[in-house]
Amino acid sequence: MHAPARTSAIETAIRKANAAGRKALIPYLPCGFPDVTAFWTEIESLDKNGADVIEIGVPFSDPAADGPVIEAASQECLERGVTLAKILEGLKARKGAISAPIVLMGYLNPFHQYGFERFAADAVAAGVSGCIIPDLPMEESDEIKTIFKANGLDLIPLVGLNTSVERLRAYASDASGFAYFVSVLGTTGDREVLPEEVSAKLKVAKGIFTVPLALGFGIKSPDQLAAFAESIDAVIFGSALIRHLREGKSAASFMQRWK
Amino acid sequence: MKKSYFGDFGGQFVPELLMPPLFELEKAIAEIVHGPEFQRRFAELLADYVGRPSPLYRCPNLSADTGLNIWLKREDLNHTGAHKINNTMGQALLARMMGKPRIIAETGAGQHGVATATAAAMMGLECVVYMGAVDVARQAHNVRRMELLGTTVVAVHTGTKTLKDATNQAFKDWIANQRTTHYCIGSVVGPHPFPTLVRDFQSVIGREARSQFAAKTGGDLPAAVVACVGGGSNAMGLFHEFVPHASVRIIGVEAAGSGEPGCYHSASLCKGTPGILHGAKTQLLQDADGQIEPSHSIAAGLDYPGTGPEHAALKASGRATYVCVNDAQAFAAFKILCRREGIIPALESSHAVAYVLDNVSAFAPGDHVIINLSGRGDKDLDIVEQLLKAEQKG
Ligand SMILES: Cc1ncc(COP(=O)(O)O)c(C=O)c1O
């Protein structure tokens with residue numbers, strides 16, 4: 001398999017953190033949380049306080065892979081009138097002001113309704129580097145992948161404990177940005193302990209992917225990562241950050257934990 | 001065309017974590033469902049437990065009133081009172097033969113929940129049913145039925161707190177418990193292979209209807225087959241047999257809600273647009289931003305913002321026609337069937353009856369029309385009471 005001709009800003013940012021001897025940090029916040037304006041303040045604060053890549057959630061009415069914390073936050077965001085179009089406008093207005101590459105995470109239907117071609121063009125114009133679409137397995141991703149490739153956007157695959165070696169290889173063959181390893185057979189949400197099998201499966205995945213490997217779902221603190229340190233290049237956290245902000249604390253103090 | 005699609009519709013739009021159980025299910029369908037042992041046991045259950053074949057009944061009075069030959073396929077006479085049990089017996093038997101000790105389901109009105117709880121009880125499976133909190137409150141009788149049958153009912157408080165949200169929760173449960181659990185989905189919806197699996201279990205309706213019709217009339221085929229469409233399982237169950245026979249008109253009837261402009265309704269085929277929900281590309285009720293809109297019907301079983309992908313394809317190809325009937329028309333047909341034929345139909349099924357009664361001129365005099373009477377109306381007495389009171393006031 002040949003490497004993609006262009007360099008992914010996301011991959012570069014993760015590698016840079018790794019070269020500095022640390023795991024790349026990828027915080028997630030749904031757009032519109034804690035409210036429409038505070039969201040952008042928090043994003044800027046995450047950017048200044050050590051986020052290597054920032055994942056922005058596109059809220060959807062029917063989030064079938066999310067646990068209660070993210071689901072409730074996204075629902076509030078929808079009630080505040082957040083749409084994919086408004087997220088892109090907001091990013092466009094701040095283009096250049098956020099130094100971490102931006103990844104949008106959202107379910108397929110809002111992108112479908114926006115139109116894949118139109119979305120790709122507007123996303124590039126807004127400075128977006130890639131997308132994570134949790135309800136888009138490889139069986140359904142041909143069309144969007146072709147469009148993303150033509151526009152230089154990364155489509156980040158999700159894999160997990162029950163993904164076969166065959167499927168890991170298939171995802172690896174044309175992954176760009178990073179590969180998202182889901183730590184549990186379950187939905188998003190912070191957990192005290194991660195399943196024991198994670199360690200072995202991560203090693204397998206690490207041996208297959210050439211793009212960086214990020215661990216997400218269930219991550220709340222750095223000490224959870226000790227067991228997998230060798231296999232992962234980046235860590236993603238969402239529910240734990242949302243909880244932290246709900247307690248009235250700042251994004252900056254959350255990022256402090258990870259330094 | 002990919003095998004998981006019907007025309008442009010269908011597919012497997014699910015998290016990667018759900019692909020292995022979908023493959024496992026596909027393999028089980030090929031190896032177990034299509035095998036003689038399953039088919040023998042399933043046929044036996046349908047005959048001895050569900051009470052099949054259900055009668056095909058020519059309504060003498062409605063036929064005289066309309067000048068048509070109106071036939072009802074009496075799914076209301078099945079055990080648990082609707083067509084839903086055809087599917088749940090099939091899926092519960094499959095779960096047993098796959099070695100899955102637990103099944104889960106989503107339910108709106110509670111009919112599919114009751115049918116799943118019933119199948120689980122008789123097969124000795126643990127059963128959990130997800131139900132929107134709004135539906136738990138308005139369908140209290142069915143919650144009690146499920147509990148009597150040994151099922152755990154989980155109230156879902158997210159989103160609109162109705163069927164679509166219950167479906168999301170069922171998918172989440174399945175992600176976490178896929179090793180022990182079969183997801184007994186309630187209609188011809190969801191990712192491949194569910195729409196085909198459920199259709200095939202329900203297709204006994206059309207097969208029986210065709211041979212009963214031939215035996216009773218000496219004729220070969222009816223002029224039209226008509227069924228209400230929520231998720232679309234009773235309709236696909238009736239239609240499937242007739243799709244290859246171009247002379248048979250296929251008519252699916254959706255719920256138009258109150259029928260006033262701008263009202264909430266459940267007519268995703270007549271008024272929706274293509275999109276992706278619950279694992280499939282299909283016709284949906286959604287806004288310009290791709291958010292799923294709330295649905296409404298007096299018939300709780302039709303109250304769903306999507307529909308089966310095979311219906312979307314049958315509409316796109318023109319093989320089937322989809323029409324709308326509003327709450328008032330359905331209720332009028334409900335009362336006519338009670339008074340003229342002595343049959344209390346489900347409000348869902350009343351939509352199909354209403355379309356025929358209100359559109360007699362759409363058929364030629366003497367046409368044989370088979371309507372799927374998908375369920376009985378006992379479950380609807382509370383809402384019928386309210387409708388009658390409102391009529392008296394109005
Ligand atoms: C009696 C009856 N008819 C029809 C339906 C609608 O479902 P489907 O369109 O899958 O047949 C339901 C659903 O609960 C029902 O209970």
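Analyst: Rings of Phe, Tyr and Trp (its six-membered ring) pair if their centres lie within 6.5 Å; planes under 30 degrees apart count as stacked, over 60 as edge-to-face and the rest as tilted. By this rule there are 19 aromatic pairs over all chains. In one of them, the ring centres of B:Phe331 and B:Phe334 lie 5.9 Å apart with planes at 25°, so this pair is stacked. This is a predicted model, in which local features need pLDDT of at least 70 and side-chain atom pairs count only at pLDDT 80 or more, while totals for chains, interfaces and linings use all residues. Residues are numbered from 1 along each chain as its sequence is written, chains are lettered from A and ligands numbered from 1 in the order in which they are written, and side-chain values use heavy atoms, with hydrogens and water left out.

User: Where do B:Phe331 and B:Phe334 lie in chain B, and are they buried or exposed?

Analyst: Helices are DSSP runs (H or I, at least four residues), numbered from the N terminus. Both residues belong to helix α14 (residues 327–341) of chain B, and being three residues apart they are separated by about one helical turn. Buried means under 20% relative accessible area, exposed over 50%, partly exposed in between (1.4 Å probe, protein chains only). B:Phe331 is buried at 5%, and B:Phe334 is buried at 5%.

User: Which rings are linked into a cluster, and which charged end sits over the ring of A:Tyr114?

Analyst: Ring pairs join A:Phe111, A:Tyr114, A:Phe119 and A:Phe148 into a cluster. A charge sits over a ring if NZ of Lys or CZ of Arg is within 6 Å of the ring centre and within 35 degrees of the ring normal. Here the charged end of A:Arg118 sits over the A:Tyr114 ring, 3.9 Å from its centre.

User: How many disulfides are there over all chains?

Analyst: A disulfide is a pair of cysteine sulfur atoms within 2.5 Å. The count over all chains is zero. A:Cys77 is in no disulfide, the nearest cysteine sulfur being that of A:Cys31 at 6.9 Å. B:Cys270 is likewise in no disulfide; the nearest cysteine sulfur, that of B:Cys324, is 3.7 Å away. A:Cys77 is buried, with a relative accessible area of 0%, whereas B:Cys270 is partly exposed at 28%.

Terms used: Helices (H or I, at least four residues) and strands (E, at least two) are DSSP runs, numbered from the N terminus.
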